[in-house]
Amino acid sequence: MRFIENFKQNYQHWTRLAPANLLYDRALFWLFISLLLIGLVAVSSASIPVGTRLFNDSFYFAKRDALYVVISIVACYTFLQVPMDSWQKYHAYIFWSAMFLLVLVLIPGIGAKINGARRWIPLVFFNFQPAEFAKLALTCFLASYFTRRYDEVRSKRLSAFKPMIVMGLLGGLLLLQPDLGSTIVLFIITFGLLFIVGANFWQFVALGFSGVLLILWLAVSSAYRLKRLTGFMDPFQDPYGTGFQLSNSLMAFGRGEFSGEGLGNSIQKLEYLPEAHTDFVMAVIGEEFGFIGIFFVIVLLALLVFRAMKIGRESLQLEQRFKGFFAFGVSFWIFFQGFVNLGMALGLLPTKGLTFPLVSYGGSSLIIMSITIGVLLRIDHENRLMRGGQARLRDD
């Protein structure tokens, strides 16, 4: 009990309303840095074989990931300086920029086609994925929309369908790439924010039922997606075909057991497990660090999500609806993407091309996710200033 009490006191000390030079959420900041560094170590280990084969450089992807981490920290700090009023003011421009990029990536010669999907725009240092920016843009747009139409969304029966149409515009362009995983993330962000706003209950039932039916239809209407679905249900039935990725991922977790094989000792990363440093990096962590390593990463991500939700709740308590909806949208996004990635690696969900937040290799994912952390830190900073001002007014 004494240990729990000490932990609680230390936690409150690190997250309390601090003096002027400590007006930020230190817990959120260190969770962010910890996940970035864990991802750098995991990617460095998982990418050695593929880096050697493709570029004759064992640490090719490690060096690029280190660069992405540095850029991500700079991006987080840069957007930490942007007032939330600016996000709210330019929400429409951000949304239409995302629409433009999603159209641009579909144009042959501009969008790069990799593994049958046209999802990336080649830039100088990395391939930019507009889908990641679309998640941020939709979160910002909906936060503004629900702030402006708060009473309407809560009172009118069909008010939930307008934001769903907005989500559908982005989702339709994503499906043309195709990118079903990111489309589902957009749906979860919209659905979750409707719940936070307090939309009519029967709208949730209708939208949830419609969403499930649409996802099932999209899955069975494509031979490629149907193969992934059947492969997920029994990966060892065709371990060298549709179940190849998942069967190797499960073997990685099996080898890791409780404490893992040790850093660098993964066998599945030796070209047995495709995308070991991106979509399936958690499988390599499971093999090298076992249940302990996976549990530690899950705890860090869960704490980050809880911090985001706490910031959102405090914003709503301060009647800062835009900030609150923005923070809650980010929390839904991070939670669902992490849940799907880990569930996919464990064979609990069909294989989807979603990265594990702040851990998997990928410049677009790391940078955009780091920008959202910067936004969360900014929201918390402004909330602390507001609470401090209210406290001073009460003292006066």
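The side chains of Ser45 and Lys269 are joined by a polar contact of 2.9 Å, and this contact, like everything described below, is read from a predicted model. Ser45 belongs to helix α2, which covers residues 26–46, and with a relative accessibility of 5% it counts as buried, because that value lies under 20%.

**Ser45 and its surroundings**

- When neighbours within four places in sequence are left aside, Ser45 is in contact with Leu263, Gly264, Lys269 and Glu288.
- Of these residues, Lys269 is also the partner whose side chain makes the polar contact with the side chain of Ser45.

- Arg255 lies in helix α13, which is made up of residues 244–256.
- Its relative accessible area is 27%, so Arg255 is partly exposed, the value falling between the limits of 20% and 50%.
- Although Arg255 and Gly290 are 35 residues apart along the chain, their C-alpha atoms are separated by 8.0 Å.

**The largest nonpolar core**

- The largest nonpolar core has 108 residues, and the members that touch the most other members are Trp87, Phe146, Leu194, Phe326 and Ile373.
- Helix α15, spanning residues 321–345, supplies the largest share of this core, namely 14 residues.
- Phe326 touches Met84, Trp87, Leu136, Thr139, Cys140, Ala143, Val375 and Ile379, with residues up to four places away in sequence not counted.

**Helices α7 and α9**

- The axes of helix α7 (residues 130–148) and helix α9 (residues 161–175) come within 11 Å and cross at roughly 170°.
- Because an angle over 145 degrees counts as roughly antiparallel, α7 is roughly antiparallel to α9.
- On the side of α7 the contact is made by Ala131, Ala134, Leu138, Phe141, Leu142, Tyr145 and Phe146, while α9 contributes Lys162, Pro163, Val166, Met167, Leu170 and Leu174.
- The residues of this contact between α7 and α9 divide into 12 nonpolar, no polar and 1 charged.
- Phe146, which takes part in the contact from α7, is also among the core members that touch the most other members.

Technical notes
Residues numbered from 1 in each chain as written. Predicted model: local features only at pLDDT ≥ 70, side-chain atom pairs only at ≥ 80, totals over all residues. Heavy atoms only, no water. Core = buried A, V, L, I, M, F, W, Y, C linked by side-chain atoms within 4.5 Å. Buried < 20%, exposed > 50% of the residue type's maximum accessible area, 1.4 Å probe, protein only. Helix = DSSP H or I, 4+ residues; strand = E, 2+ residues; numbered from the N terminus. Contact = heavy atoms within 4.5 Å. Axes fitted to C-alpha atoms, helices over the stretch in contact; angles between N-to-C directions. Parallel < 35°, antiparallel > 145°, perpendicular 65-115°, else oblique. Nonpolar A, V, L, I, M, F, W, Y, C, P; charged D, E, K, R; others polar. Polar contact = N/O pair within 3.5 Å; in protein donor to acceptor, adjacent residues only side chain to side chain.
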